[in-house]
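Please examine the sequence and the 3D structure shown below. A short report follows them.

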Amino acid sequence: MASSFEKYQKRRLITSYFSVVISIALVLFLVGLLALLVLNTKKVADHFKEQIALTIYLKDTAKEVEIDQLQKSLALSEYTKSIEFVSKEQAAKAYSQEIGEDFMEFLGYNPLQNSIDVYFNADYVSETKIAEISRDLGEKEFVDEIIYDKPLIALLNDNIKRLSFWILAVSGLLTFIAVLLINSSIRLSVYAKRFTIKTMQMVGATKRFIRRPFILKSVKLGIIGSSISLVGMAVVLYYLDKSFPELKLISDEVLLAAIFAGVLILGILISWLSTFFATQRFLNLKTDELYY
Amino acid sequence: MPETILELSDASIFQRETLILSNVNIEIQKGEFVYLIGKTGTGKSSFMKTLYGDLPLQSGYGQIVGIELQNLKEKQIPFLRRKLGVVFQDFKLLNDRNVKENLIFVLKATGWKDKSRMDKKIDEVLDKVGMKTKSFKFPYQLSGGEQQRVAIARALLNDPELILADEPTGNLDPQTSVEVMQVLQEINANGNTILMATHDYALLLKYPSKTLKCDGQRLFEVVQKQQH
Ligand SMILES: Nc1ncnc2c1ncn2[C@@H]1O[C@H](COP(=O)(O)OP(=O)(O)OP(=O)(O)O)[C@@H](O)[C@H]1O
Ligand SMILES: [Mg+2]
């Protein structure tokens with residue numbers, strides 16, 4: 001009889017732990033997937049940004065040393081992703097192929113110029129930064145003209161901004177809900193022990209001493225919950241990568257490790273803080289206020 | 001040389017805004033055994049609660065085991081309670097653990113580390129109240145009287161200077177009451193001070209001692225007529 005009652009008590013306790021673990025796992029699983037999404041929007045956006053080229057047209061009078069020098073300094077500067085020198089002959093060939101006839105034949109000379117195409121690192125693809133770069137380059141005497149697609153940059157940046165804003169807003173909201181959800185399930189499990197907490201105070205235990213086992217327990221549950229969510233994320237990643245290998249989801253190990261570690265830390269942190277505040281609440285109540 | 005272990009002057013005891021006792025002036029010296037009597041609802045428990053910091057002393061002056069009650073800080077309360085041994089009227093055992101773990105909790109909370117010394121102490125206090133064989137039971141598996149005896153054992157753990165016992169024999173049969181009373185007398189003989197609230201007049205007659213009485217919002221010492 002007594003032992004069945006004990007079993008019943010234990011089961012009740014386990015159910016309440018179980019619900020904490022499940023809510024942590026589910027919520028962090030969602031947050032982790034969102035983090036993956038957020039970080040991959042940047043990847044995709046960067047991919048597009050890095051397609052944008054600025055073309056430096058060189059005067060025919062430019063000396064080879066000068067061109068070499070410019071190429072070298074461009075290659076070294078931190079805004080450059082890659083550069084490509086296109087000689088006027090190459091340009092003519094490409095252009096002829098494009099229009100399908102040999103225009104030099106009826107012109108009798110090559111009107112095109114030597115040029116350098118510069119591709120930028122994604123972080124430098126903004127209107128102001130590129131304008132600045134092009135102004136600097138334009139000051140060189142042997143540079144004839146600098147051309148890039150200004151409206152495209154503006155459009156691209158605008159769209160990326162709008163998209164990332166919404167993704168961030170939604171993730172922020174979801175994270176907030178996540179924290180609330182975990183917090184309330186932890187609060188509930190502490191609430192179940194409010195009389196125990198009060199009694200512990202009655203026999204001379206300090207608040208910190210009473211809090212410690214609660215926090216240890218919750219952190220343990222937090223670790224279990226976030227581990228479950230990590231397993232879930234790994235499974236999803238595996239299948240996503242299998243279906244869309246071109247997204248290169250698993251290529252950046254450091255980033256993946258950071259997300260996984262972040263989810264784990266978030267799980268521990270949320271359960272820690274929630275437990276702290278939940279126990280603190282009951283520790284600060286007067287004995288008879290527990291009944292209200 | 002008598003040492004005042006508990007002293008209240010011009011003190012008022014409140015439950016929230018309700019005045020329970022007013023103009024309380026008492027003194028208890030180290031080593032005394034003091035009864036606290038009075039009808040149900042006259043404020044014995046409220047008085048005790050004020051002494052162990054569960055109710056604030058809102059007016060007047062109070063000193064207990066060297067700690068001032070009138071401006072007691074929250075941080076001091078645990079340390080006040082460690083100097084006291086409190087037997088609560090409603091026992092206040094931890095229902096999520098067995099008797100032994102209840103006692104271990106108190107020892108650990110008050111800074112004990114050595115496991116074998118803790119075991120020894122627990123055996124000692126449980127033996128005193130005759131509960132040594134039931135240390136593995138959960139509080140809900142014990143009778144009211146047994147729980148009360150565990151509560152007394154718990155109050156003895158830290159050899160407190162002052163024991164506040166709120167009806168420690170309230171749930172015991174007359175014979176066990178006398179046994180518990182003998183335990184308290186023994187502890188008292190060792191130099192510990194005891195303040196005990198009780199309705200059990202048989203005990204008062206059997207073990208006469210200084211008696212305080214709550215009546216009509218007053219707390220005063222009863223002058224014992226039949227003392228020889
Ligand atoms: N938490 C509370 N809030 C408000 N009033 C209270 C509270 N606890 C007790 N009281 C009131 O304070 C008065 C004194 O109660 P107390 O518990 O001190 O009586 P007591 O002398 O210990 O009685 P008993 O002999 O039944 O234990 C009672 O009138 C009671 O109604
Ligand atoms: Mg009472």
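The report covers the model, a sheet of chain B, the domains of chain A and a ligand site.

## Basis of the model

This is a predicted model, in which local features need pLDDT of at least 70, side-chain atom pairs count only at pLDDT 80 or more, and totals for chains, interfaces and linings use all residues. Residues are numbered from 1 along each chain as its sequence is written, while chains are lettered from A and ligands numbered from 1 in the order in which they are written.

## The sheet of chain B

Chain B holds an open sheet of six strands with mixed pairing, in the order E6-E7-E8-E3-E9-E10. Strands are DSSP runs (E, at least two residues), as are helices (H or I, at least four), numbered from the N terminus; two strands pair if DSSP finds at least two bridges between them. Strand E6 (84-87) and strand E10 (218-222) of chain B form the edges, each pairing on one side only.

Within the sheet, strand E3 (residues 33-38) and strand E9 (residues 210-215) of chain B run parallel and are joined by five bridges. Leu36(B) has Leu212(B) in E9(B) as its bridge partner.

## The domains of chain A

Chain A is divided into domain 1 (2-47 + 160-291) and domain 2 (53-148), with bounds from an automatic or database domain assignment. Their C-alpha centres lie 54 Å apart.

## The site of ligand 1

Ligand 1 lies between chains A and B. It is surrounded by 14 residues, where near means a C-beta atom, placed from the backbone, within 6 Å. The closest are Gln15(B), Thr40(B), Lys44(B), Ser45(B) and Ser46(B). H1(B) gives the most to this shell, with three residues.
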